Amino acid sequence: MRPLAVTVPAAFLLAAPLLQLGAVYFGVTFLGFGEPRLRAHLIYGVAAPVVGWLLWKMRPRARFAFYIFASCELIRFWLNGLVHWETPLLYTGLIAWLYTAPARAVLPLIRATGRPGALAGSGQENMRR
């Protein structure tokens with residue numbers, strides 16, 4: 001069974017396309033959903049499910065992807081004139097949720113690996129030839 005620490009944010013992001021389409025169809029705006037612009041459909045129809053899938057599959061960079069997505073949502077919130085007060089509460093809460101011990105056990109922080117060094121080393125060897 002998938003840990004609750006991953007299931008909650010992943011389920012929310014995987015449901016984002018349906019929430020966006022439903023909000024537009026019914027003319028209701030909440031949590032940033034319901035904006036009829038193309039960018040909102042791209043954000044909630046493409047970006048959110050990709051980040052949700054990364055979380056669901058517990059990929060190594062899933063936390064980082066979620067932090068970027070949530071930060072962009074918070075920036076959109078402040079740039080759009082603080083329209084929905086629940087948006088920063090939701091995304092700040094989800095970011096804090098991913099800092100809990102169960103979430104950190106399932107989705108550890110990104111660590112530096114030897115891979116970038118290996119790639120840099122192979123590039124230097126090719127330049128010497």
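Reader: Is A62 buried or exposed, and what is its relative accessible area?

Author: The model is a predicted one, and A62 is found in its helix α4. Residues under 20% relative accessible area count as buried. A62 is therefore buried, as its relative accessible area is 0%.

Reader: Which residues does A62 touch, leaving aside those up to four places away in sequence?

Author: The C-alpha atom of A62 lies 9.5 Å from that of P108, a residue 46 places away along the chain. With residues up to four places away in sequence set aside, the contacts of A62 are L54, L55 and L107.

Reader: How are α3 and α4 oriented relative to each other?

Author: The axes of α3 (38-56) and α4 (residues 62-79) are 8 Å apart, and the helices pack at an angle of about 150 degrees. Angles over 145 degrees count as roughly antiparallel. The crossing of α3 past α4 is left-handed. The orientation of α3 and α4 is therefore roughly antiparallel.

Reader: How many nonpolar, polar and charged residues does the contact of α3 with α4 have?

Author: On the α3 side, the contact is made by I43, Y44, A47, A48, V51, L54 and L55, and on the α4 side by A62, R63, A65, F66, F69, E73 and R76. By class, these residues of α3 and α4 come to 11 nonpolar, no polar and 3 charged.

Reader: What is the orientation of α1 to α2?

Author: The two helices α1 and α2 pack with their axes 4 Å apart, at an angle of about 45 degrees. An angle between 35 and 65 degrees is classed as oblique. The orientation of α1 to α2 is therefore oblique.

Reader: Which residues make the contact of α1 with α2, and how do they divide by class?

Author: From α1 the contact draws F12, L13 and L14, and from α2 it draws A16, P17 and L19. Sorted by class, the residues of this contact of α1 with α2 are 6 nonpolar, no polar and no charged.

Reader: Why do the buried residues of α1 lie on the same side of the helix?

Author: In α1, the buried residues are A5, V6, P9, A10, F12 and L13. They lie on the same side of α1 because the arc they cover around the axis is only 160 degrees. An α-helix has 3.6 residues a turn, so residues three or four places apart point the same way. The buried residues of α1 pack against α2, α3, α4, α5 and α6 (101-106).

Reader: Which residues does α2 expose on the face turned away from its buried side?

Author: The buried residues in α2 (residues 16-26) are A16, Q20 and A23. These are on the same side of α2 because they cover an arc of only 70 degrees around the axis. Their cover includes α1 (4-14) and α3 (38-56). On the face turned away from this buried side, α2 carries the exposed residues L18, L21, Y25 and F26.

Reader: How many helices and strands does the chain have?

Author: Of the 129 residues in the chain, 33% are buried. Among contacts between residues at least 6 apart in sequence, 63% join residues at least 24 apart. From the N terminus on, the elements run α-α-α-α-α-α-α. The chain has 7 helices and 0 strands.

Definitions and conventions
Residues are numbered from 1 along each chain as its sequence is written. This is a predicted model: local features need pLDDT of at least 70, side-chain atom pairs count only at pLDDT 80 or more; totals for chains, interfaces and linings use all residues. Side-chain values use heavy atoms; hydrogens and water are left out. Buried means under 20% relative accessible area, exposed over 50%, partly exposed in between (1.4 Å probe, protein chains only). The arc is that of the directions from the helix axis to the C-beta atoms. Contact means heavy atoms within 4.5 Å. Axes are lines fitted to C-alpha atoms, for helices over the stretch in contact, and angles run from 0 to 180 degrees between N-to-C directions. Angles under 35 degrees count as roughly parallel, over 145 as roughly antiparallel, 65 to 115 as roughly perpendicular and the rest as oblique. A crossing is left-handed if the near helix is turned anticlockwise from the far one by less than a right angle, and right-handed if clockwise. Ala, Val, Leu, Ile, Met, Phe, Trp, Tyr, Cys and Pro count as nonpolar, Asp, Glu, Lys and Arg as charged, and the others, Gly among them, as polar.
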